[in-house]
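Biologist: I would like to learn how to read helix packing in a model. Could we take one case and work through it?

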Amino acid sequence: MNNFYKKWRNVHLFTRTLIGFGIGVALGVLLGPQASVFEFIGTILLRLINMVVAPLVLCLLICAVTDINDYRTLGKIGVKTIVIFLLTTGFAVIVGMFFALTFKVGKGVVITTEVLDAATDVTVPSFIDTLINIIPNNLFKALNESNLLQIIFFALIFGLALNKLKEKGILVKKVVCGCRDVMMSITNMVLEITPFGVMGIMANVVGKYGIEILLPYGKVILVTFLACIFFSLFIHGVIMAHFLGKISVWRFFFEMKDAILFVVSTCSSLATIPLTLAGTKRLGVSDKVSNFVIPFGAVVNMDGTAIYEVIAVIFAAQIYGIELSITQLFLILLSATVASIGTAGIPGSGLVMLTIVLNVAGLPMEALGLLAGIDRILNMARVGTNIIGDTATAVVVAKTSGEMSALHHW
């Protein structure tokens with residue numbers, strides 16, 4: 001038994017996770033709804049990772065700010081990051097719109113009224129409320145709720161204040177960076193059970209939804225995955241990583257394979273932060289850039305979600321037989337770009353984003369229920385694109401800031 005465990009540990013985490021993924025899908029197909037008996041294993045994994053994510057992000061960002069120790073450099077990195085996020089999100093919306101209109105995602109699809117009844121009422125917060133909610137009332141409440149946008153805000157303020165203390169703040173910085181190392185160590189221990197957790201998650205998902213649900217939605221699922229894969233390969237891989245970052249496309253995705261498989265299984269960009277961070281650093285991105293961009297991007301950067309929102313709105317319009325005008329398409333493009341940034345940190349932000357875009361397009365709110373049944377499946381496509389975008393952004397920021405290690409190559 002001990003010999004088997006050693007051999008298992010020697011297998012790469014990606015391979016072990018892939019095995020767990022395959023076993024989970026097989027169990028879901030064979031056992032159907034009864035496969036939910038394995039759900040608790042996935043729940044344990046997600047709870048353990050969520051336990052460590054909030055304090056890890058807090059410590060990472062504080063250390064990143066204190067490592068930079070120069071307001072101008074920090075400002076440049078921050079501005080570059082936000083500008084790239086906005087640009088890529090805008091391109092993501094255009095790609096989503098192109099694929100949705102080209103393949104006519106909603107044409108010929110018949111949806112029963114029972115599905116439409118699944119729509120959920122959503123309260124869309126105002127822009128001012130969104131800005132105010134970035135500031136935490138209570139740091140411990142923000143940590144308890146894993147409100148990463150509030151945690152990021154506090155970490156930036158704390159890091160800047162720590163820099164002002166200079167010599168007096170050295171001891172505090174050592175303690176915080178020590179806590180960061182402890183959190184990373186805990187994360188590494190938790191990741192050892194990833195294959196089993198992924199098995200439990202996939203068994204439950206496949207067993208619960210079955211293969212039948214894919215049939216009426218086959219076109220929209222295929223188009224969403226195609227659009228996300230195209231965007232990740234061409235924009236993130238070829239343009240950002242290869243031409244701007246001077247990293248080969250193959251190596252870029254090879255270093256990200258653990259994070260991609262994990263996020264596709266769990267559908268949680270936040271839970272994947274440790275793996276995304278590790279893959280980004282293996283590509284040669286410095287600690288100060290990766291520790292800043294990756295946690296920030298996990299909350300704010302939503303390229304895959306932007307693609308999905310546009311496809312979902314056009315799908316809904318075509319289901320209802322509504323022809324969208326050029327003006328409406330432009331408003332959808334604009335609102336999806338802004339909403340993807342503006343709803344960051346809001347629980348269920350994907351649903352909030354869809355509500356905003358539906359309002360702008362003048363479509364009925366009942367359309368929220370159209371994709372409710374397959375949201376978990378579509379989420380696999382969009383979260384993968386989200387985290388790949390975070391790493392691609394970190395590569396570009398590092399390359400243009402002189403923060404890329406000499407290890408990287410074409």
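**Reading helix packing**

Modeller: This is a predicted model. Helix α3 (residues 39-68) packs with helix α9 (residues 170-191) at an angle of about 150 degrees, and their axes lie 8 Å apart.

Biologist: By what two quantities are two packed helices described?

Modeller: The angle between their axes and the distance between the axes describe two packed helices. Angles over 145 degrees count as roughly antiparallel. α3 and α9 are therefore roughly antiparallel to each other.

Biologist: What is the handedness of the crossing of α3 and α9?

Modeller: The crossing of α3 and α9 is left-handed. The contact of α3 with α9 comprises 19 nonpolar, two polar and three charged residues.

Biologist: At what angle do α3 and α14 pack, and how far apart are their axes?

Modeller: For α3 and α14 the angle is about 135 degrees, with the axes 8 Å apart. The crossing in which α3 passes α14 is left-handed.

Biologist: Which residues of α3 and α14 meet?

Modeller: From α3 come Val-57, Leu-60, Leu-61, Ala-64, Asp-67 and Ile-68; they meet Lys-288, Asn-291, Phe-292 and Pro-295 in α14. By class, the contact of α3 with α14 has seven nonpolar residues, one polar and two charged.

Biologist: Take Asn-291. In which helix is Asn-291 found, and is Asn-291 buried or exposed?

Modeller: Asn-291 sits in helix α14, which spans residues 287-300. Buried means under 20% relative accessible area. Asn-291 has 0% relative accessibility and therefore counts as buried.

Biologist: Which residues does Asn-291 touch, leaving aside those up to four places away in sequence?

Modeller: With those left aside, Asn-291 touches Leu-60, Leu-61, Ala-64, Arg-180, Leu-277 and Lys-281. Among them, Leu-60, Leu-61 and Ala-64 belong to α3, on the α3 side of its contact with α14.

Biologist: Now the whole chain. How many helices and strands does the protein chain have?

Modeller: The protein chain has 18 helices and zero strands. Of its 410 residues, 52% are buried.

Biologist: What share of the contacts with a separation of 6 or more joins residues 24 or more positions apart?

Modeller: Such residues account for 83% of those contacts in the protein chain.

Key. Residues numbered from 1 in each chain as written. Predicted model: local features only at pLDDT ≥ 70, side-chain atom pairs only at ≥ 80, totals over all residues. Heavy atoms only, no water. Axes fitted to C-alpha atoms, helices over the stretch in contact; angles between N-to-C directions. Helix = DSSP H or I, 4+ residues; strand = E, 2+ residues; numbered from the N terminus. Parallel < 35°, antiparallel > 145°, perpendicular 65-115°, else oblique. Left-handed = near helix turned anticlockwise from the far one by under 90°. Nonpolar A, V, L, I, M, F, W, Y, C, P; charged D, E, K, R; others polar. Buried < 20%, exposed > 50% of the residue type's maximum accessible area, 1.4 Å probe, protein only. Contact = heavy atoms within 4.5 Å.
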